[in-house]
Amino acid sequence: MILFRTKLGGFVLVGFLLALWELASRSSGAPIVTFPPFSRVCQALWSLVATGEIVDVLLPSLQRLAIGYVIALAIGVAAGMAMGHFRVVFNLFEPLTEVLRPIPAPAYVPVAILFLGLGDEMKIFVIAFATCFPILLNTFSGVRSVDVIQINTARTFGYSDWAILRKVIMPAALPQIFTGMRISLALSLIMVVISEMVASVDGIGFFILNSERGFRIPEMYAGIIVLGILGYIMNALFLQVEHYVVRWHHDANKRDVS
Amino acid sequence: MSQLSLKSVSRSFGAYKALSNISLEVQAGEFISIVGPSGCGKSTLLQIIGGLLMPSDGTVALGGRPVTSPRREMIYLFQQYNRSLFPWRTVRRNIAFGLERFRLGRAEIDRKSNEYIELVGLEAFAGFFPHQLSGGMQQRVTVARALAYGADVLLMDEPFGSLDAQTRAGLQDLLLKLWQERRFTVLFVTHDIEEAIYLGQKILILSKAPATIQAVVESGLEYPRHQIRSKETSQFLTRRREVYSHVFPHALEADEAGAKAAVHK
């Protein structure tokens, strides 16, 4: 049946659940303020877009996210490469990362507030700190798993250690670096919302929490849906870039979901 | 003066002695096959010559200068040719890998890469990635890459070992053809005695570990060689027997004892 051979069935299920929401809200007799029907949420979402308010809501969040993510990328890749390539650096920093890594990222938001206050610095720090680890660890393990034959090939062609890092180790580790970057991208969205819910006067996290506090419940749901769409777009864009940059890797390791 | 000169080269790995007191002179343009029982240290010897591994004792000199790291004139071709190609580079860019070290323009690199792609007959595959090629094609890329780099000495470590017989014969003849045209020096490690005789001017036979040079046999076959005719000559068969008797002395003794017993029956 076409419904199950393609993803069509999945979309029908989503539509069905939304219709159920609409119906349940209208027939339950619950106050419309706490349990608005889906159509009300759609209205709120539309007015967000139509008035352009969505830009004011998203822009601060996206700025924090981008800055934090880029910092994490720079530090994570550099530290991961150094740890993977130089034994000394590994011995020095491996225990530290093992101690810091298992702490759930939201737990150091209070610490960041203590030292950095309630402003953007705190949020960017929290995002960068949390998203740094997946990138670092994946870079490290990518560097470690570079084939020694590839390195020796570069050596027989007379390349220096630095050139080997750039011409062999970096591209060879790239697919795994991208894996870390993708995990971190999802994490960065989580962290921006958390940090904005804890302390902020703007951004999507603030918007959702503030809407709830002001009993603007349709707006609250609209904000959550915006987050969902944003996460989806970010991931889709990322996959495009990844596919383009490490195409050779996917082609060489092609596997189909059956 | 010989091009490559080894003086009492030894190498140990901890308590294990892999190579013992190996001395060798190689003239420019020579094709030398190296055989020996498996695990005797053939690859170790080749890596020391290539500057990838340091000897515990003794010296290697190329053109009169001691080899302490990989040298521009020598390229080592790995047994695991598929792992020695870079999967993110196309055939053309893999061949350009060595050239990129020199201060050449993009156009010059492309021109030279294309020249060597043609040399090994891979024009139609220049834009392909290594995983899209057969094993034989992959090995041709590594040969082209070494020659494009301008290497005078090819150190080949069982390069055709894992190829099927037909592809292997094709590559042997391609290598011989290129060698006759360009007269680079080849040190060719193999476990295949017939391949060693078919290709080399000299066959260097190593003993089991700790490896020493047990014998050097001149093949005496004429070039150009032919997969069928060269191997039918009595010269080839005599050499084959000679090399076998060095590599597997006991096998041959047992064989002869068996033959005598059969005669006495």
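In this predicted model, A:Trp21 is partly exposed. Its C-beta atom has 17 others within 10 Å. A residue counts as buried at 20 or more such neighbours and as exposed at 12 or fewer, so A:Trp21 falls in between. The residue sits in helix α2 of chain A, which covers residues 8-28. A:Ser39 lies 18 residues away from A:Trp21 along the chain. The C-alpha atoms of A:Trp21 and A:Ser39 are separated by 9.5 Å.

Chain A also touches chain B. The contact draws 14 residues from chain A and 19 residues from chain B. On the chain B side, β6 (74-77) and α2 (81-84) each provide at least two residues. That side of chain B is made up of 11 nonpolar, five polar and three charged residues.

Strand β6 of chain B also belongs to a sheet. Strands of a sheet pair through backbone hydrogen bonds, in either a parallel or an antiparallel sense. In chain B, six strands build an open sheet with mixed pairing. Their order is β6-β7-β8-β3-β9-β10. The edges are formed by β6 and β10 (213-218) of chain B. Each has a single partner strand, so one side of each lacks a neighbour in the sheet. On average, neighbouring strands of this sheet are turned by 15° against each other, direction ignored.

Strand β3 (residues 31-35) and strand β9 (residues 202-206) of chain B pair in the parallel sense. Four bridges join these two strands. In one of the pairings, B:Val35 has B:Ile205 of β9(B) as its bridge partner.

Key
Residues numbered from 1 in each chain as written. Chains lettered and ligands numbered in written order. Predicted model: local features only at pLDDT ≥ 70, side-chain atom pairs only at ≥ 80, totals over all residues. Contact = placed C-beta atoms within 7 Å. Nonpolar A, V, L, I, M, F, W, Y, C, P; charged D, E, K, R; others polar. Pairing = 2+ DSSP bridges. Axes fitted to C-alpha atoms, helices over the stretch in contact; angles between N-to-C directions.
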